[in-house]
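Q: I am new to this structure. Please show me how to read its features, one at a time.

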Amino acid sequence: MLKIYNTLTRKKEIFKPIKKGQVGIYSCGPTVYSYQHIGNLRSYIFTDILKRVLTYNDYDIKHIMNVTDVGHLTSDADTGEDKIEKAARKEKKTAQEITNYYWKIFRQDFKKLNIDEPDIWAKATEHIKEQIEMIKKIEAKGYTYKTGDGIYFDTSKLKDYGELAQLRKQKLKAGKRIELKEKKNITDFALWKFSPSTSSGQAKRQQEWDSPWGIGFPGWHIECSAMSSKYLGKQFDIHTGGEEHIPVHHTNEIAQSETTFGKKPWVKYWLHARWLLFKGEKMAKSKGKIYTLSELENEDFKPLDYRYFCLTAHYRTQLNFTLKNLEKAKNAYDRLKNIIPTLKDNPSISLGTERKINKKYLNEFEKAINNDLDMPVALSVLWNLIRDKKAEGEIKTIQKMDKIFGLDLLKEERVSIPNNVKKLIDQREKARKEKNWQKADELRQKIKKLGYWVEDTDKRPMVKII
Ligand code: AMP
Ligand code: ZN
């Protein structure tokens, strides 16, 4: 029985999909104007774990992730410049060159971190028609108005606007932090923005489209409402994103979708990952120092060291990043990778006998992952299994656990060969040189018992973990 924390109800709930055995997930993806930093990547590791846990529980998943390649402005209050247009100008590239390049790097990071790609990558610029159609529907229902710079959603018309973020409790007042300008209510947001006129003095946009309201581009929120419904229908199971999406982006997605489809709740479970912090603040480009995955690699970390680091904290707690903390995680991960090949139910020893699962530890593990994806507890179960000298079935159990961790725990390439094995390999090489084939064979068996297989090649012996 899987339980997940639903931001909508602020409770841990038993997960029940709309359609038996199937789960539709939509995740807010990257804005591809720059490199994604490791904070961004933490939120995608969370989504990956969620998908793995659902798969483990035998659900069929359809996962959509958007790629924001237009419409995300530098300010959440619908002001400022389009992040993509700004980057294109700065780098003297076309908007498409910018978005394609950063999206490519992003996908490479996914691969390095063992993050499964979504079934569909949905790009905002490839769904302009769907977004216009949705705005037309919202307009037909009387929820829009026009200002000098765009078409806006009138949030005062929705009696339960802001339910996800519990905005009413927070009593947001106009004129306090946010400038109202032509907006009727501070929470109103742009559905369609007009392109700046040539007389405004602003640079001409590269990405703009014709629409019933004139030439322009979609607001940031409408892409997620339009694309999720295209691929997952008018109601679906899970929507994910970062914690900062709760008060604005996701609140506005709900307003648009529930107005258009008249279904409530539009999404059954809202899951939010909390931030990676750096020096006590959200890691963000605007806040100064960020780290990319490549930068960590330049510091001699492997991408999976970072994945392990993320698993040491629950996704609903903020996680402080320092290179020192990452180093600690790396050391623990290295230890794991070195111990696992030496475990006693290694295939080299139990060859021919049925290898089994350790039910006790696997049950504890399943309890942890099904308890709102509690990865720190799941990791501690793995460590307890490894430390338990009497435990049986370690390897097969670890194999199952790694379907969730995604840490390549049984993959050999990173494992350093222990000294005792190295010594035996050297002795065997010596025996071979002396043409003492019997001794070489005996040593090969000894090495095998320690979980390694030596293959003779022209140059030097090749060692594999078995
Ligand atoms: P962006 O590319 O800025 O639209 O962000 C992509 C995703 O990364 C969003 O889901 C954000 O919530 C998430 N994100 C941004 N900064 C952080 C951070 N410091 N820690 C965790 N997630 C973050
Ligand atoms: Zn979104």
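**Reading the sites**

A: At 0% relative accessibility, cysteine 224 is classed as buried, where buried means under 20% relative accessible area, exposed over 50% and partly exposed in between, with a 1.4 Å probe and protein chains only. This is a predicted model, in which local features need pLDDT of at least 70 and side-chain atom pairs pLDDT 80 or more, while totals for chains, interfaces and linings use all residues. Residues are numbered from 1 along each chain as written, chains are lettered from A and ligands numbered from 1 in written order, and side-chain values use heavy atoms, without hydrogens and water.

Q: Which residues are the protein donors of the zinc ion (ligand 2)?

A: Donors are N, O and S atoms within 2.8 Å of the metal (3.2 Å for Na, K and Ca); water is not among the atoms, so sites may look incomplete. Here they are Cys28 (SG), Cys224 (SG), His249 (NE2) and Glu253 (OE), at 2.1 to 2.6 Å from the zinc ion. Their spacing in sequence is C-x195-C-x24-H-x3-E. Cysteine 28 sits in the loop between strand S3 (22–27) and H1, and cysteine 224 in helix H6 (residues 220–232), 196 residues apart, so the pair links distant parts of the chain. Helices (H or I, at least four residues) and strands (E, at least two) are DSSP runs numbered from the N terminus. Cysteine 28 is also buried, at 6% relative accessible area.

Q: What is the geometry of the site of the zinc ion (ligand 2)?

A: Four donors count as tetrahedral if all angles lie between 85 and 135 degrees; four count as square planar and six as octahedral if opposite donors are over 155 degrees apart and all others between 65 and 115; anything else is irregular. The angles among the four donor atoms of the zinc ion are 74 to 135 degrees, and the site is irregular.

Q: Which side chains make polar contacts with the side chain of histidine 272?

A: A polar contact is a pair of N or O atoms within 3.5 Å; within protein, one must be able to donate a hydrogen and the other to accept it, and residues adjacent in sequence count only if both atoms are side-chain atoms. The side chain of histidine 272 has such a contact with threonine 7 at 2.8 Å, and one with histidine 250, also at 2.8 Å. Histidine 272 belongs to strand S11 (residues 267–273) and is buried, with a relative accessible area of 5%.
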